[in-house]
Amino acid sequence: MKDREDIALGMIETIGLVGLIEAADAACKAAKVRVVDYEMAEGGLVIIKMRGSVAAVKAAVEAGAAAAQRVGQLWATHVIPNPDPQIDFMITRKKPPEKGTAPEPSKETPPQPPKEKTKEHPDVSQKPFKLSTNEGIEEIIEKVKYYGIGYLNTKELRRLVRNIENFPYPPGISGKMKREEIINELAKRGLILPGDETPIFPSGEGIERKLRIEEKEKREENNSPFILVPEEGEEKMIEILLRDGFESLHLKQLRHLAKRFKNFPVMRIDQASRETLINGFKRGLIIQGHEGKIIKPID
């Protein structure tokens, strides 16, 4: 009969051995468990098995899964509280010798030459990411070509990986991934764009370029005049603006006009004075239909 402290079975499966070793180390440090076996499968999948009490195994698997996600690719986890004795041979592949008998001497076999990789069994973990289609994301691809992967924001990155045929996470998961997580995945294998053969990788250069462009756009926006698209009921206010300028508007009209612009430089418009509001229009104002005239406050 099994020891009650060794009754549960926990399993962690990852893509790649580095993540598995990190998971095993974290699991053993998190709870009192015993690693009993690990196996490797095709496609880079590896699994580790551990035994212990139900509570210890659950805690160890949770800690190991979190560690695997940080450094590798977590594929699956599972805990069986009390596995049937009939599957013991599947848990540990090597059968221990019976009590009172000496283990058979191991027969040395000559080392076998490594098998060549065939086209039928490629090492998928090393294949660069490749877009399955560029329909609907042409603008994103142009940004990647011109600025780099690091230029894209979170929404654009999620749309991009949704169209990668060999991305390890389905859309339901990749659609919730953080920007840094997607960047890290693309950095592992690179990305091949349609019509190209050489993979590109994320770089800090793209992020710096994005910041420079955003800063330039912000400066230009802060210096360019406001554009007013007239609405019904604003005819009198526009007439006064065109004829006499901001100084002839009363406080209520100035507050109404300022609220028309989301980027107006005054925070509390309803509490601002006439002078503050007029000064907020120092960039000037262009009224649609009267583009030839820029209205500015009098210095």
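Trainee: What does the secondary structure of the protein come to?
Mentor: Eleven helices and eight strands. Keep in mind that this is a predicted model.

Trainee: How many of the 299 residues count as buried?
Mentor: The share is 36%. To count as buried, a residue must have under 20% relative accessible area.

Trainee: What share of contacts joins residues at least 24 apart?
Mentor: The figure is 64%, taken among contacts between residues at least 6 apart in sequence.

Trainee: What is the handedness of the crossing of α5 and α7?
Mentor: Left-handed.

Trainee: Which residues meet there, and what are they by class?
Mentor: From α5 come Thr154, Leu157, Arg158, Leu160 and Val161. From α7 come Arg179, Ile182, Ile183 and Leu186. By class, this contact has six nonpolar, one polar and two charged residues.

Trainee: How do you know that the buried residues of α5 are on the same side?
Mentor: The buried residues are Glu156, Leu157, Leu160 and Val161. They cover an arc of only 130 degrees around the axis, so they lie on the same side of α5.

Trainee: What do the buried residues of α5 pack against?
Mentor: They pack against α4 (138–147), α6, α7 and β6 (191–192).

Trainee: Now α6. What makes serine 174 buried?
Mentor: Serine 174 is found in helix α6, residues 171–174. Its relative accessible area is 1%. The cut-off is under 20%, so serine 174 is buried.

Trainee: Which residues is serine 174 in contact with, leaving aside its neighbours within four places in sequence?
Mentor: Arg158, Val161, Phe167, Tyr169 and Ile182. Arg158 and Val161 belong to α5, and Ile182 to α7.

Trainee: Why is alanine 41 called partly exposed?
Mentor: Alanine 41 has a relative accessible area of 49%. Buried needs under 20% and exposed needs over 50%, so the value falls in between and alanine 41 is partly exposed.

Trainee: Where is the place of alanine 41?
Mentor: In the loop between β2 (33–40) and β3 (45–52). The C-alpha atoms of alanine 41 and isoleucine 15 are separated by 9.6 Å. Along the chain, the two residues are 26 apart.

Trainee: How do the axes of α1 and α2 cross?
Mentor: Helix α1 covers residues 17–30, and helix α2 covers 54–71. Their axes come within 7 Å and cross at roughly 145 degrees. The crossing is right-handed.

Trainee: What is in the contact of α1 with α2, by class?
Mentor: Eleven nonpolar, two polar and one charged residues. Among them, Val18, Gly19 and Glu22 are in α1, while Gly64 and Val71 are in α2.

Trainee: Last, α10. What puts its buried residues on the same side?
Mentor: Helix α10 runs over residues 251–259, and its buried residues are Gln253, Leu254, Leu257 and Ala258. Their arc around the axis is only 135 degrees, so they are on the same side of α10.

Trainee: What covers the buried residues of α10?
Mentor: The cover includes β7 (226–228), α9 (235–244), α11 (274–280) and β8 (285–287).

Terms used:
Residues numbered from 1 in each chain as written. Predicted model: local features only at pLDDT ≥ 70, side-chain atom pairs only at ≥ 80, totals over all residues. Heavy atoms only, no water. Left-handed = near helix turned anticlockwise from the far one by under 90°. Helix = DSSP H or I, 4+ residues; strand = E, 2+ residues; numbered from the N terminus. Contact = heavy atoms within 4.5 Å. Nonpolar A, V, L, I, M, F, W, Y, C, P; charged D, E, K, R; others polar. Buried < 20%, exposed > 50% of the residue type's maximum accessible area, 1.4 Å probe, protein only. Arc of directions from axis to C-beta. Axes fitted to C-alpha atoms, helices over the stretch in contact; angles between N-to-C directions.
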